[in-house]
Amino acid sequence: MSNTYQNFIAGQWRAPASGEHFENRNPANTDELIGLFPETGPPSGAGGADIEAAVASAERGFEKWSRMPAPERGFVLKKAGDVMTERKDAIARDMTREMGKVLEETRGDVQEAIDTAYYAAVEGRRLFGKTVPSELRDKWAMSFRRPIGPFAIITPFNFPLAVPSWKIFPALLCGNSIIWKPSEDVPLTANTFTEILLESGLPPEAIQLVHGAGETVGKALVDHPEVPGISFTGSTRTGSAIGETAGRMHKRLSLEMGGKNAQIVMADADMDLALDGVIWGAFGTAGQRCTATSRLLLEDRIHDEFVARLQARAEALRLGDGLDSGTEVGPMIHPAAVEKCERYVEIARSQGATVACGGARATGPGLEKGHFFRPTVLTGVDRNHRTACEEIFGPVLSVIKFESLDEAIDINNQVEYGLSSALYTSDVRSAFRAINELDNGITYVNAPTIGAEAHLPFGGVKGTGNGHREGGWEVYEFYTETKVAYVDYSGKLQRAQIDVDW
Ligand code: UN1
């Protein structure tokens with residue numbers, strides 16, 4: 001069948017040893033089969049051969065690729081950026097078909113990968129180490145960065161190209177090789193990305209693409225003794241399980257997990273701006289971003305008016321196929337995601353909240369064959385309600401009232417997650433206090449909780465992460481080990497801490 005896709009292992013596209021495949025369907029129209037992709041299977045079965053072949057190939061790929069000078073590696077990534085620029089529209093269209101978000105957003109997703117490629121390419125001419133004075137005469141002391149080995153890259157569905165690019169480009173630039181297990185919901189974009197890297201001159205064994213389930217393929221890579229590094233984006237539960245293994249096996253691990261991001265609106269804020277912000281932050285990508293706004297904290301004086309306007313705007317949002325130009329909100333990724341939203345609306349009701357709008361599946365012409373959920377605003381939510389604390393990953397917004405900035409900061413900080421937050425205010429004192437005190441990896445002032453840029457560190461505190469950052473300059477530290485070299489050209493034994501002559 002022409003729409004049967006393969007894994008990329010040991011320098012070749014090949015069918016899974018298991019002989020099994022899974023279906024990838026358009027979430028806006030499940031009649032549309034995008035393709036069949038390898039169900040690689042568990043390492044104890046036929047999947048074992050594929051996983052072993054992928055790891056062995058990644059080790060060979062590492063030997064070769066890590067010896068290439070970093071500026072030359074950067075050149076391969078620059079080429080990948082150029083290819084994505086040329087094909088931006090086609091990649092975005094395919095991405096909307098398999099993932100659902102609207103075309104404007106999938107174009108943005110490709111652009112984020114392009115930005116990441118170009119940033120990484122230039123980093124190939126930096127990868128700074130440090131040269132510092134030695135405490136002894138005629139001796140130099142310096143540090144530089146070395147690659148680590150094959151990295152397991154495990155990525156989610158919501159940013160099919162951008163999030164993999166945040167991991168894969170820096171990992172490669174530093175000289176590591178890749179074994180990539182993408183989400184089963186967006187395998188087509190993974191095949192396209194792999195093809196682009198190969199076409200751009202990446203040595204074939206530097207990347208392996210292995211499709212399949214997290215519990216089988218993802219876990220096998222995490223457990224594998226010859227895979228020294230892992231970068232994972234996904235749920236906090238899975239991340240914690242990976243962390244246990246990585247801790248036991250001394251693996252380097254970067255975790256990017258859940259969020260429960262709040263937009264705080266002070267009474268002195270520009271209301272139109274705050275309204276635009278929350279509509280985009282809460283309902284863009286149908287709320288399926290780790291940075292999505294899922295709590296709206298309103299100063300009590302403006303609560304009623306703001307909610308009325310928000311309700312009108314949320315109800316007017318046009319749902320549909322992301323390829324149609326009038327669509328503002330696409331489908332959810334799969335039926336279980338819709339069911340989760342339904343469940344949380346029920347929980348909200350049972351805890352005493354009010355469904356101000358939405359709260360149910362969206363039906364109607366053009367929506368019958370997709371997984372649509374109506375943009376939902378819950379009011380009368382108490383800061384301790386479950387919808388105010390737990391990640392839903394859908395277009396469900398909990399509105400909570402507060403009386404002072406102190407209280408708003410306290411509500412923001414009480415959840416187990418700490419990715420992003422937003423404060424709308426016209427008071428510079430409130431703005432700087434919030435920047436300092438909101439317990440998140442990212443705080444926006446007068447801008448929504450979504451929209452991080454590729455050249456700044458991205459990540460969160462508490463249950464969101466494990467201390468590492470993606471993007472920007474920091475990620476290059478994650479993908480390398482620091483090596484220190486001392487060169488003594490004095491011609492005699494000089495004992496540190498002992499032969500100092502001052
Ligand atoms: C994610 O949801 O996993 O800041 C990433 C943003 C995007 C990236 C989101 N640039 O919303």
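**Ligand site**

I first listed the residues around the ligand in this predicted model, and they are Glu112, Asn158, Phe159, Val163, Trp166, Arg289, Cys290, Thr291, Ile450, Gly451, Ala452 and Phe458. For Gly451, a polar backbone atom is 3.0 Å from an oxygen atom of the ligand. On its own the ligand has 320 Å² of accessible area, and I noted that the protein covers 99% of it.

**Gly41**

I next turned to Gly41, which I found in the loop between β4 (29-38) and α1 (47-65). Is Gly41 buried or exposed? I record Gly41 as buried, because its relative accessible area is 9%, and the cut-off for buried is under 20%. Setting aside neighbours within four places in sequence, I listed Gly47, Ile51, Thr216 and Val217 as the contacts of Gly41. I also checked Gly352, 311 residues from Gly41 along the chain, and the C-alpha atoms of the two are separated by 45 Å.

**Surface patch**

Last, I looked up a nonpolar patch on the surface, formed by Val428, Phe432, Ile435 and Val445, which together have about 370 Å² of accessible area. Helix α14 (residues 428-437) gives the largest share of this patch, with 3 residues. Phe432 lies in helix α14, and I record Phe432 as exposed because its relative accessible area is 56%, with exposed set at over 50%.

Terms used: Residues are numbered from 1 along each chain as its sequence is written. This is a predicted model: local features need pLDDT of at least 70, side-chain atom pairs count only at pLDDT 80 or more; totals for chains, interfaces and linings use all residues. Side-chain values use heavy atoms; hydrogens and water are left out. Patches are made of residues with over 30% relative accessible area and no salt bridge: like charges are joined within 9 Å, nonpolar side chains (Val, Leu, Ile, Met, Phe, Trp, Tyr) within 5 Å. Accessible areas come from the Shrake-Rupley method with a 1.4 Å probe; for residues, only the protein chains shown count as cover. A salt bridge is a side-chain nitrogen of Lys or Arg within 4 Å of a carboxyl oxygen of Asp or Glu. Helices (H or I, at least four residues) and strands (E, at least two) are DSSP runs, numbered from the N terminus. Buried means under 20% relative accessible area, exposed over 50%, partly exposed in between (1.4 Å probe, protein chains only). Contact means heavy atoms within 4.5 Å. A residue is near a molecule or strand if one of its heavy atoms lies within 4 Å of it. A polar contact is a pair of N or O atoms within 3.5 Å; within protein, one must be able to donate a hydrogen and the other to accept it, and residues adjacent in sequence count only if both atoms are side-chain atoms.
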